[in-house]
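These entries record what I looked up, topic by topic. I began with the terms and then went to the elements themselves.

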Amino acid sequence: MQSDQQAWLVRFAELRYRAFAGTPVVEVAPARWGLDPTTIRQAAHSRRYRETVPGQPDFLRFEFTPGFFPPQFDRGPGTDADRRRLAKLLDGQEQFWASSRRLRLGRDDIGKGAATAGMTVVAETADPTDRLLLLRRTGLPDEELRPRTAGSRLSLSAVQGLVCVLGLAAVMAGSWFAATAEQKWPVVLLPVAVFVPVAVLLLVRAIAGRSPRMPWLDGPFDGSPQVIVSPPPSVSTELLGEVASRYGYFCAGPYHSGSNSRDLLFRKTRPGLVFGTPAPRVRPAFEVPPGSPDREQWLRNHLDGRDELWVSVRHAKLTPARIAEIANGEGLHPVAEFTDTTDRVLLLRSGPPVPARKFRMSLTGFIAPAVWVVLCFGGSVVTAAISGDQRIAAIGFGLTALGVPPLLWVLRAFPRSTRVGWLAQEFNGNASVTFFSGQFGVSPELIRQIAAFHGYFFRRQAATNAQGALVTYARLR
């Protein structure tokens with residue numbers, strides 16, 4: 001989609017969700033929005049507004065008349081069990097998006113439950129399919145609305161991964177028994193061990209679709225200039241657009257990727273809801289004292305013969321100015337700098353950008369454990385089958401269990417500057433890339449900055465217990 005078409009869609013979405021947001025009377029100047037009157041009338045009608053006689057020339061006037069349109073979702077009173085479940089969900093939360101349909105509670109019940117938990121309803125949106133209420137804890141500092149989704153519980157991706165691991169363990173255990181026992185009946189159980197995990201995955205997804213928890217609803221709208229969102233099946237596009245507008249995001253049209261054609265591109269064009277007058281959040285940049293001569297020699301050794309080098313100030317233990325001075329002496333110059341409270345990262349180059357390597361080091365997080373399992377467990381099973389000693393297989397199983405967790409973090413054993421360079425190579429020009437951020441040991445803010453430098457923007461995230469966050473970044477074409 002061309003950039004001018006995306007800009008038109010952003011203006012149209014901003015008009016729908018910002019101008020026609022429930023205000024009793026709205027007057028719109030088509031010339032100011034760059035939209036024709038017919039388009040504005042369509043946007044007004046979709047938001048339950050009727051046109052009236054304008055009060056000034058070159059304007060269109062609309063009145064909010066919800067009574068002339070089909071009623072919005074209204075669940076009605078719920079049961080005591082549903083109210084107790086809401087109280088449990090709100091325990092410890094600072095901010096919570098509540099779905100009336102999923103909670104099986106009406107607007108009044110949710111408001112009373114929020115008040116009991118020390119929260120208030122600060123925003124509300126509805127369509128014929130559902131009603132969403134934004135609950136916010138009383139006493140939070142004045143600030144711009146931002147996601148506050150708690151991730152203490154297992155995510156759907158983590159549960160699915162656990163089921164896959166258990167299914168693989170069952171297959172391996174069946175193979176072991178089939179190889180070591182005289183009876184061959186365990187082989188018959190192998191198809192069952194494959195079918196059961198698939199059935200469990202489908203069951204888990206079906207149950208998750210009815211869950212009242214919605215931590216994924218506002219997660220993508222984290223302040224990035226552009227985000228790509230996969231609309232969840234349980235939330236209509238209208239409600240998703242309304243939620244996005246609360247954070248200052250408006251839809252710029254579909255984003256066609258190889259994996260999902262339903263993705264939508266959102267652009268942040270203005271601040272979201274603001275509670276009070278937010279104080280500017282100034283984050284001090286990472287600083288280090290002047291380094292020692294041996295660190296300067298270390299940098300010179302790494303610059304020798306290089307056309308490009310990523311340097312972590314935290315690892316180099318040299319000030320950015322001194323790094324730039326030494327790099328200039330070797331024919332390299334700083335072309336980009338990324339910083340937060342944890343580190344400063346400098347990109348040094350001597351000429352045009354170096355093409356990214358096709359192999360991504362994050363794949364070692366999958367390859368190394370798989371190779372370890374095949375070598376240790378597979379070798380011990382074969383040896384046990386030949387020798388008839390099942391203790392060898394038990395030893396192999398123990399080595400496999402002990403060796404897999406450290407191998408998941410194999411990249412963390414390398415110097416920080418090296419890991420930052422490998423992280424940059426993840427953004428190799430593909431339409432989207434997915435990797436475990438914990439493998440590189442780099443803060444999410446630095447990952448976001450490095451991704452944006454390569455033209456990538458955050459798409460989605462899933463929490464896991466093994467390697468931290470599994471993040472996906474997509475490239476906008």
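**Entry 1. Terms and basis**

I took two strands as paired if DSSP finds at least two bridges between them. Helices (H or I, at least four residues) and strands (E, at least two) are DSSP runs, numbered from the N terminus. The model is predicted: local features need pLDDT of at least 70, side-chain atom pairs count only at pLDDT 80 or more, and totals for chains, interfaces and linings use all residues. Residues are numbered from 1 along each chain as its sequence is written, and side-chain values use heavy atoms, with hydrogens and water left out.

**Entry 2. The chain as a whole**

I noted 16 helices and 17 strands in the protein chain. Of its 477 residues, 43% are buried; buried means under 20% relative accessible area, exposed over 50%, and partly exposed in between (1.4 Å probe, protein chains only). I then looked at contacts, meaning heavy atoms within 4.5 Å. Among those with a separation of 6 or more, residues 24 or more positions apart account for 66%. The accessible surface of the chain is about 24700 Å², and carbon and sulfur atoms hold 60% of it. Such areas come from the Shrake-Rupley method with a 1.4 Å probe; for residues, only the protein chains shown count as cover.

**Entry 3. Strands β8 and β10**

I looked up the pairing of β8 (residues 226–229). Four bridges join β8 to β10 (residues 264–268), and the two strands run antiparallel. The bridge partner of Q226 in β10 is R267. In a regular strand the side chains alternate between the two faces of the sheet. In β8, Q226 and I228 point one way, V227 and V229 point the other way, and all are buried.

**Entry 4. The sheet β4-β6-β5**

In what order do the three strands of this open sheet lie? I read β4-β6-β5, with antiparallel pairing. The edge strands, each pairing on one side only, are β4 (95–99) and β5 (119–127). Neighbouring strands are turned by 20° against each other on average, direction ignored. Axes are lines fitted to C-alpha atoms, for helices over the stretch in contact, and angles run from 0 to 180 degrees between N-to-C directions. Between β4 and β6 (residues 130–137) I found five bridges, with W97 partnered by L134. Helix α9 (residues 237–246) packs on the sheet and touches β4, β5 and β6; its direction makes about 140° with that of β5.

I next examined another open sheet, in which three strands take the order β12-β14-β13 with antiparallel pairing. Its edge strands are β12 (308–312) and β13 (333–339). β12 and β14 pair over five bridges, and E308 has R349 of β14 as its bridge partner. Helix α15 lies across β12 and β14, running at about 125° to β12.

Leaving aside neighbours within four places in sequence, the contacts of R416 include S312, R314, D343 and L446. L446 is itself one of the buried residues of helix α16 (residues 444–453). Just after α16, G455 takes a positive phi of about 85°.

**Entry 5. Loops**

K317 is in the loop between α11 (313–316) and α12 (320–329). Its phi is near 60°, a positive value in a residue other than glycine. I listed K317 as exposed because its relative accessibility is 51%.

P289, in the loop between β11 (274–275) and α10 (293–303), touches K317 and T319, not counting residues up to four places away in sequence. P289 and T319 are 30 residues apart in sequence and 6.7 Å apart in space, C-alpha to C-alpha. At 60% relative accessibility, P289 counts as exposed.

D58 lies in the loop between β2 (49–52) and β3 (60–64). I noted a positive phi of about 65° for D58, which is not a glycine. D58 is exposed, with 69% relative accessibility.
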